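Could you walk me through this protein as if it were my first one? I would like to learn by asking and answering.

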Amino acid sequence: MTTLQGGLRKSVATLGRPRKATYVVLAIFVLGSMFPFYWSFLVASRDNGMLTERIPPFVPGGNFFANAARVFDTVPFWKALANSVIVSGTVTLTTVLFSSLAGFAFAKLRFKGRNGLFVFIVVTLAVPTQLGIIPLFIAMSELGWAGHLQAVIVPNLVTAFGVFWMRQYTVDAVPYELIEAARVDGCSMIRIFWNVCLPAVRPAAAILAMFTFMMSWNDFLWPLVVLDAGNPTVQVALEKLQSGYYVDYSLVLAGTTLATIPILIVFVLLGRQIVAGIMQGAVKG
């Protein structure tokens with residue numbers, strides 16, 4: 001019996017231990033994910049001539065800072081970075097706040113028309129964004145916002161996906177018993193949301209914040225339409241780098257590398273919450 005128990009323990013330990021093949025597959029995926037960024041940095045650190053070489057070098061050169069300086073000299077890149085930080089930061093904060101509020105209301109509050117309104121919000125996800133560009137541009141022009149950052153910020157203060165995401169997470173993350181206990185203690189609905197709901201949905205809010213920041217940072221079409229040439233965001237500025245007849249890819253990819261750094265910083269800052277959310281979902285599953 002003792003031998004059988006020992007064998008079972010050994011088998012369970014072996015099953016729970018990752019194999020070498022698992023690490024090999026993970027390493028391949030990590031290298032494949034990092035290669036585009038490394039290639040961008042590689043081209044950005046050299047001149048345009050490396051692209052015509054039969055065997056391109058795989059070691060970075062020494063021209064990255066010179067190419068980065070040319071980026072700032074060619075387009076108003078500092079202003080573009082500042083504009084993108086303002087737009088993406090504001091949109092991220094408002095989207096997380098309003099989506100959390102709406103998700104809490106749809107998940108835990110009972111009111112007339114709740115299900116129909118939620119279905120309507122979900123249906124709007126199927127409407128292409130391009131259909132609303134012309135009427136939205138007319139509205140921004142009538143308000144006198146065309147060419148200004150509020151024309152990019154205000155239409156994106158909250159998203160249907162954010163409401164859907166936070167509602168789905170709040171349904172399971174916040175038990176009704178906690179809400180009832182807070183009501184018995186005399187908490188108002190806003191205080192229940194702030195002290196009970198928001199801490200419970202923090203992992204989902206962190207994931208939503210990362211995706212919202214990334215989508216807002218990479219948004220190109222609407223800022224291109226509504227902003228002036230002298231007041232661009234990062235993606236519009238990058239487009240200006242390749243708008244000529246001759247495209248200097250070392251210049252373009254230097255700007256692309258610089259534009260990727262803020263997204264990496266946001267991921268590092270929110271990484272712990274994202275991992276906590278993934279682990280919490282795995283435990284629930």
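Predicted model: local features only at pLDDT ≥ 70, side-chain atom pairs only at ≥ 80, totals over all residues.

Me: How many helices and how many strands does the protein chain have?

Reply: Helices (H or I, at least four residues) and strands (E, at least two) are DSSP runs, numbered from the N terminus. Read along the sequence, the pattern is α-α-α-α-α-α-α-α-α-α-α-α-α-α. The count is 14 helices and zero strands.

Me: What percentage of the residues in the protein chain are buried?

Reply: Buried means under 20% relative accessible area, exposed means over 50%, and partly exposed is in between (1.4 Å probe, protein chains only). Of the 285 residues in the protein chain, the buried share is 35%.

Me: Among contacts between residues at least 6 apart in sequence, what percentage join residues at least 24 apart?

Reply: Contact means heavy atoms within 4.5 Å. Among contacts in the protein chain between residues at least 6 apart in sequence, the share joining residues at least 24 apart is 72%.

Me: How is helix 4 oriented relative to helix 8?

Reply: Axes are lines fitted to C-alpha atoms, for helices over the stretch in contact, and angles run from 0 to 180 degrees between N-to-C directions. Helix 4 and helix 8 have axes 7 Å apart and pack at an angle of about 50°. Angles under 35 degrees count as roughly parallel, over 145 as roughly antiparallel, 65 to 115 as roughly perpendicular and the rest as oblique. Helix 4 is therefore, relative to helix 8, oblique.

Me: Which residues of helix 8 meet helix 4, and what is the handedness of the crossing?

Reply: A crossing is left-handed if the near helix is turned anticlockwise from the far one by less than a right angle, and right-handed if clockwise. From helix 4 come S99, S100, A102, G103, F104, F106, A107 and K108, and they meet G162, V163, M166, R167, T170 and V171 in helix 8. The crossing of helix 4 past helix 8 is right-handed.

Me: Is F106 buried or exposed?

Reply: F106 is found in helix 4, and its contacts beyond four places in sequence include F118, I121, V163 and R167. F106 and R167 are 61 residues apart in sequence, with their C-alpha atoms 6.3 Å apart. Because its relative accessibility is 6%, F106 counts as buried.

Me: How do the residues of the contact of helix 5 with helix 8 divide?

Reply: The axes of helix 5 (residues 114–123) and helix 8 are 8 Å apart, at an angle of about 130°, and their crossing is left-handed. F118, I121 and V122 in helix 5 meet A160, V163, F164, R167 and Q168 in helix 8. Ala, Val, Leu, Ile, Met, Phe, Trp, Tyr, Cys and Pro count as nonpolar, Asp, Glu, Lys and Arg as charged, and the others, Gly among them, as polar. The division is six nonpolar, one polar and one charged.

Me: How is helix 8 oriented relative to helix 11?

Reply: The axes of helix 8 (residues 160–173) and helix 11 (residues 202–218) come within 10 Å and cross at roughly 160°. That angle makes helix 8, relative to helix 11, roughly antiparallel.

Me: Where does N156 lie, and which residues does it contact?

Reply: N156 lies in the loop between helix 7 (150–153) and helix 8, and at 27% relative accessibility it counts as partly exposed. The C-alpha atoms of N156 and V91, 65 residues apart along the chain, are separated by 6.2 Å. Leaving aside neighbours within four places in sequence, N156 is in contact with V91 and T95.

Me: Is T95 buried or exposed?

Reply: T95 is found in helix 4 (residues 77–108). Its contacts beyond four places in sequence include N156, L208 and T212. With a relative accessible area of 0%, T95 is buried.

Me: How many disulfides does a search of the whole structure find?

Reply: A disulfide is a pair of cysteine sulfur atoms within 2.5 Å. C187 is partly exposed, with a relative accessible area of 21%, whereas C197 is buried at 0%. Across the whole structure, the number of disulfides found is zero.

Methods
Residues numbered from 1 in each chain as written. Heavy atoms only, no water.
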